[in-house]
Amino acid sequence: MKIKQEYIVNLKGKNFITFAGLLSMAHENGLTSLTSTPVFEDHEKGIYIFRAVAIGVRGDQIIKFEDEGDAMPYNVGKMIKPHIRRMASTRAMARTLRLYNGIGMCSLEEIVR
């Protein structure tokens, strides 16, 4: 599947796909479920790790992909810090959707600082 240009963001000469693009493509590719659950949380230190699972149907097969994403004070910017837990979840989902869609390009949300 070709990535629509509207889902690509260029930062300092490198292209990244947006979460919105990954999700849209996944729906076009038969996504039926996307969940994210905490694997590790340390509220005092602000460290969060989530695991996401994407399930879909392609032809007559059910497919499933999983991956993890993290967020902690040193890998998010100050604008994201109040939302650090949700960023870990979003990163996990973005990584999982990249696998689901067969996209090697890193997502914007994975590198947002």
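This is a predicted model: local features need pLDDT of at least 70, side-chain atom pairs count only at pLDDT 80 or more; totals for chains, interfaces and linings use all residues.

User: Why is Arg98 called buried?

Analyst: Buried means under 20% relative accessible area, exposed means over 50%, and partly exposed lies in between (1.4 Å probe, protein chains only). Arg98 has 13% relative accessibility, so Arg98 counts as buried. This residue belongs to helix 2.

User: Why is Asp60 called exposed?

Analyst: Asp60 has a relative accessible area of 77%, and therefore counts as exposed. Asp60 lies in the loop between strand 4 and strand 5. From Asp60 to Met72 there are 12 residues in sequence, and the C-alpha to C-alpha separation is 40 Å.

User: What does the side chain of Arg98 reach, and at what distance?

Analyst: The side chain of Arg98 reaches the backbone oxygen of Gly104 at 3.3 Å. Contact in general means heavy atoms within 4.5 Å. Leaving out residues up to four places away in sequence, Arg98 touches several residues, among them Leu22, Gly104 and Glu110.

User: How do you know that the buried residues of helix 1 line one face?

Analyst: Helix 1 covers residues 19-28, and its buried residues are Phe19, Gly21, Leu22, Met25 and Ala26. Seen down the helix axis, these residues fall within an arc of 160°, so they line one face of helix 1. The arc is taken from the directions between the helix axis and the C-beta atoms. Elements that cover these buried residues include strand 2 (14-17), strand 3 (31-42), helix 2 (84-101) and helix 3 (108-111).

User: What makes strand 3 and strand 4 a pair?

Analyst: Two strands pair if DSSP finds at least two bridges between them. Strand 3 and strand 4 (residues 47-58) have 10 bridges and pair in the antiparallel sense. Thr37 stands opposite Arg51 in strand 4. Their hairpin has 4 residues between the strands, and Gly46 there takes a positive phi near 70°.

User: How many bridges join strand 4 to strand 5?

Analyst: Strand 4 and strand 5 (residues 61-71) run antiparallel and are joined by 11 bridges. Ile49 has Asp70 of strand 5 as its bridge partner, and Val53 stands opposite Glu66. In the hairpin of these strands, with 2 residues between them, Gly59 takes a positive phi near 65°.

User: What makes a set of residues a nonpolar core, and how many residues has the largest one?

Analyst: Such a core is a set of buried Ala, Val, Leu, Ile, Met, Phe, Trp, Tyr and Cys residues joined through side-chain atoms within 4.5 Å. The largest has 25 residues, and those with the most contacts inside this core include Leu22, Ala71 and Leu97. Helix 2 gives the most to this core, with 8 residues.

Technical notes: Residues are numbered from 1 along each chain as its sequence is written. Side-chain values use heavy atoms; hydrogens and water are left out. A polar contact is a pair of N or O atoms within 3.5 Å; within protein, one must be able to donate a hydrogen and the other to accept it, and residues adjacent in sequence count only if both atoms are side-chain atoms.
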